[in-house]
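This report describes selected local features of one protein chain. The sequence and the structure are shown first.

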Amino acid sequence: MSYQEDVRIWIEKAKELIQSDKETLDDGRTPAEVAEQYLERALRYEPTHQEALLLLVEMYIHSARGTLISKRLNRLVRDYPEEVSPYRAVLAFMRASGKLEMAVYYFQTMLETASEKAKPVIHLCLAELFASQQDQVGLQAECQKLSTYAPIDPIVQGLLMLEYNDANGIFQLAEKID
């Protein structure tokens with residue numbers, strides 16, 4: 001069995017435990033505790049695995065350990081600046097914690113030093129933040145910047161364009177993904 005298969009199995013087990021209605025397992029540990037261990041194991045093998053990161057962010061938020069996940073995500077962004085998943089996990093964390101203004105500042109600051117490969121991901125994160133804030137001008141500006149790059153997440157990008165009724169943008173996006 002490959003390590004990718006192991007990672008997939010650990011994430012599946014973690015999801016099952018997260019959804020479990022048991023308060024404790026037979027060994028006395030909580031399902032959340034064991035799920036976190038599975039996710040940590042998966043992330044040791046694939047530090048930027050998006051699903052594992054997002055599940056871990058969710059668990060940390062629900063257990064009031066935002067500071068810990070914040071440090072970890074910042075380290076991942078620093079160590080893997082070309083990967084999409086750390087940025088998406090930071091976005092999920094900051095949106096869930098309600099720190100939208102701080103998140104906008106964080107991503108705008110990151111743009112100043114980001115590589116060309118990371119910039120479209122950061123623009124996508126900013127577009128989502130502006131949509132969350134119902135800032136149509138900011139959303140439209142970020143979507144226009146995104147349109148100069150190859151699509152990153154076409155479904156999300158299309159939905160963001162629907163937020164401000166940009167049919168032409170959606171058609172242009174569709175042409176890029178054909």
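Gln134 counts as exposed, at 67% relative accessibility (exposed means over 50% relative accessible area, buried under 20% and partly exposed in between, with a 1.4 Å probe and protein chains only). Gln134 lies in the loop between α7 (119–132) and α8, and its phi is near 55 degrees, a positive value in a residue other than glycine. Helices here are DSSP runs of H or I with at least four residues, numbered from the N terminus.

Asn165 is exposed at 69% relative accessibility. This residue lies in the loop between α9 (154–163) and α10 (167–177), with a positive phi near 55 degrees.

## Basis of the model

The model is predicted: local features need pLDDT of at least 70, side-chain atom pairs count only at pLDDT 80 or more, and totals for chains, interfaces and linings use all residues. Residues are numbered from 1 along each chain as its sequence is written, and side-chain values use heavy atoms, with hydrogens and water left out.

Glu142 belongs to helix α8 (residues 136–146) and is buried, with a relative accessible area of 4%. Apart from neighbours within four places in sequence, Glu142 is in contact (heavy atoms within 4.5 Å) with His123, Leu126, Ala127 and Phe130.

Notes: Helix = DSSP H or I, 4+ residues; strand = E, 2+ residues; numbered from the N terminus.
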